[in-house]
Amino acid sequence: KFRERLEPNREKCPPHVLQVIEEELTKLQLLEASSSEFNVTRNYLDWLTVLPWGNYSDENFDVIQAQTILDEDHYGLADVKERILEFIAVGKLRGTSQGKIICLSGPPGVGKTSIGRSIARALNRKFFRFSVGGLSDVAEIKGHRRTYIGAMPGKMVQCLKNVGTENPLVLIDEIDKLGRGHAGDPASALLELLDPEQNANFLDHYLDVPIDLSKVLFVCTANVMDNIPNPLLDRMEVIAIAGYITDEKMHIARDYLEKTAREACGVKPEQVEVTDAALLGLIENYCREAGVRNLQKHIEKIYRKIALRLVREGSSNESVMVQPADAKAEVVDESDHHAAANKADVEVETSVQVDTVQTNDQPKDPKNAADSKELQETEATKAVEKVVVDTSNLADFVGKPVFHAERIYDQTPVGVVMGLAWTAMGGSTLYIETTQVEQGEGKGALHLTGQLGDVMKESAQIAHTLARAILLEKEPANPYFANSKLHLHVPAGATPKDGPSAGCTMITSMLSLAMKKPVRKDLAMTGEVTLTGKILPIGGVKEKTIAAKRSEVRTIIFPAANRRDYDELAPNVTEGLNVHFVDDYSQIFSLALEYDVNT
């Protein structure tokens, strides 16, 4: 059996593998079937001969076809699509396919895992997915030694057996959630697997012969890059997928999610109409997450409720139509029941009378009868009216809005400034509020609340020191910070917050209070600040821009070092925004606080 299985692939099989197989076959011939070694050798040979040595699937080198496939499955995600088309173009020019290690990072629900399947379809490669979330055993990746009872090869060898080719697309899901147990560190085991220099000779503990994985395209997914060990991150090419803006979510809901939900619930397109205003309301008030998974759940919920409504209306119409005939039949049954002795006679009599009752109501001409039947059916379908989902009845389907306007203030009062934050779920706006607790000679102090992390607390201390220095420079006669106890709060109180990028917002909030001057209207800012007033770069530019736009901010202040990140954003993200790039706090001061209060 093993020799027959090996024969078609003998030419493609590497010499070192053929040598091991021949040795094992010779060993197997000499062993007794009852020997314990016999089963170990047989299983080993089974794995060695079943692997697709030298078998490759024909790859698609047509860039236009690949683009069409990628666009069919996903809207947006231009960076990922561009990278895959580059990969195809390189393959076409070289005339051979190659492997790569790509890592897609982004918040949940933006389509990281599903784009992997789509990429495999575009490249015409076999697809294999395994999740390493919580994985704590190195043997899952590298296999067990053959001496153990129940030993098995690692996931990569199992993958090659399943797909039957040596150039599949392997999706390694949740690579940022790798565990670490008593059985070693899987992140370190992945170093060999995901290293383009080493994986041409990947050595599995069970097979003990080198396997060529250099043609495999590895796509990893992660939510937060900070949790991935640096040596492992160094081996991957990271493509960040930020969240979708409202406009993109509208397209996704219309072209993908709504269609899928409608088919899943068995509702016909002509029975339902979800207006654009309702979808916009759903996105703005219920599904503000960066991804679209929650939006998908809400759209499914709407269609389930519509399905229930349609079935209820349909069944009530049926019962109305059927009731008179049933009632008359029952009357006949009742009246004849006490007189009839033979059960069969009763049945015959009943059926005859029911027939006459039904035919009396209908025309005698068979053609007319058919017409009237069609008329009844159309009336029944008409009775089930088209369901229109609009902003007025959206709450009936999905309940009360979860999110309310992120803007607490139309015009921010003195001591309050809008900052921009980045979270694993996308971007959001947050207010930084400073107020005076008490005043007196030498009472200068700062009290912090709002579940701030260590980095943010240090930012607040730096801000306090720098604000004091700036006020001394601008208004030497104003001893406000020396004599005032201040309380700085960052709502909402239940949400933990950390990170350095609120530094410039905190300074502005304190100076606004000291100078009794509110900041300019519709202004938001972000940036880490040093003790000398320099503004350092921040992360999550796209997410923060989206959050600002959602809160109807017109002017954003970003660090000058982030200009390139901002310039790379699509025009529909930056439309209608006035953005200033600064490298020193004095520029922020002139933009936010240097204006005439009366005008």
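How close do the axes of helix H5 (residues 78-94) and helix H6 (residues 112-123) come, and at what angle do they cross? They come within 11 Å and cross at roughly 30°. The legends below take this pair and some other spots in turn.

This is a predicted model, where local features need pLDDT of at least 70, side-chain atom pairs count only at pLDDT 80 or more, and totals for chains, interfaces and linings use all residues. Residues are numbered from 1 along each chain as its sequence is written, and side-chain values use heavy atoms, with hydrogens and water left out.

**View 1. The whole chain, for orientation.** You're looking at 23 helices and 18 strands; these are DSSP runs numbered from the N terminus, with helices (H or I) of at least four residues and strands (E) of at least two. Of the 599 residues, 45% count as buried (under 20% relative accessible area, with exposed over 50% and partly exposed in between, using a 1.4 Å probe and protein chains only). Take the contacts (heavy atoms within 4.5 Å) between residues at least 6 apart in sequence: 76% of them join residues at least 24 apart.

**View 2. Helix H5 alongside helix H6.** With their axes (lines fitted to C-alpha atoms over the stretch in contact, angles running from 0 to 180 degrees between N-to-C directions) crossing at roughly 30°, H5 and H6 are therefore roughly parallel. That label goes to angles under 35 degrees, while over 145 is roughly antiparallel, 65 to 115 roughly perpendicular and the rest oblique. Val-80, Ile-84, Phe-87 and Ile-88 of H5 meet Ile-115, Ile-119 and Leu-123 of H6.

**View 3. Helix H19 against helix H23.** H19 (residues 503-514) and H23 (residues 585-592) have axes that come within 11 Å and cross at roughly 50°, so the two are oblique to each other. On the H19 side, the contact is made by Cys-504, Ile-507, Thr-508 and Leu-511; H23 brings in Tyr-585, Ile-588, Phe-589 and Ala-592.

**View 4. Leu-452 in its loop.** Leu-452 sits in the loop between strand E12 (445-449) and helix H17 (454-474). Is this residue buried or exposed? Leu-452 is buried, because its relative accessible area is 10%. Leaving aside residues up to four places away in sequence, Leu-452 touches Lys-457, Val-490 and Lys-497.
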